[in-house]
Amino acid sequence: QVQVVESGGGLVQPGGSLRLSCAASGSIFKIYVMGWYRQASGMQRELVATITSGDSTNYADSVLGRFTISRDNAKNTVYLQMNSLKPEDTGVYYCKAELNTISTPNRYQYWGQGTQVTVSS
């Protein structure tokens, strides 16, 4: 009923930039929060950035000043602009949407399949 799909990952050199996109689709009534999480190989998943329906943002300390999260409500899409990338930013980036559908008033979390980001020289 609801799908969350990420795109924009790839291979980039240290200091470079990437822009990730995440689109939610389906019988969506309202999206409350969308965010980005990442998971390096052999490591636990960690929060990168979130943005609420009221345009309030939250960032992990490790990406402050380098990453920017934004949204396009008309397209149910969230973006993550990543600048000054470091090798430690390497990992699978997952998009999460907290929303309710036209069928139920309950809020549920939906995860995308992830997109690989590799920062290497």
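Modeller: A disulfide is a pair of cysteine sulfur atoms within 2.5 Å. This is a predicted model, where local features need pLDDT of at least 70, side-chain atom pairs count only at pLDDT 80 or more, and totals for chains, interfaces and linings use all residues. Residues are numbered from 1 along each chain as its sequence is written, and side-chain values use heavy atoms, with hydrogens and water left out.

Biologist: Thanks! How many disulfides does that rule give?

Modeller: The count is 1 disulfide. Cys 22 and Cys 95 form it, with their sulfur atoms 2.0 Å apart.

Biologist: Which parts does the pair tie together?

Modeller: Cys 22 is in strand E3 (residues 18-26) and Cys 95 in strand E9 (residues 91-101), so the pair links parts that are 73 residues apart in sequence. Strands (E, at least two residues) are DSSP runs, numbered from the N terminus.

Biologist: And are Cys 22 and Cys 95 buried or exposed?

Modeller: Both Cys 22 and Cys 95 are buried. Buried means under 20% relative accessible area, exposed over 50%, and partly exposed in between (1.4 Å probe, protein chains only).

Biologist: Changing topic, how many bridges join E7 to E8?

Modeller: Strand E7 (residues 67-72) and strand E8 (residues 77-82) run antiparallel, joined by 6 bridges; two strands pair if DSSP finds at least two bridges between them. Arg 71 stands opposite Val 78 in E8.

Conventions
Helices (H or I, at least four residues) and strands (E, at least two) are DSSP runs, numbered from the N terminus.
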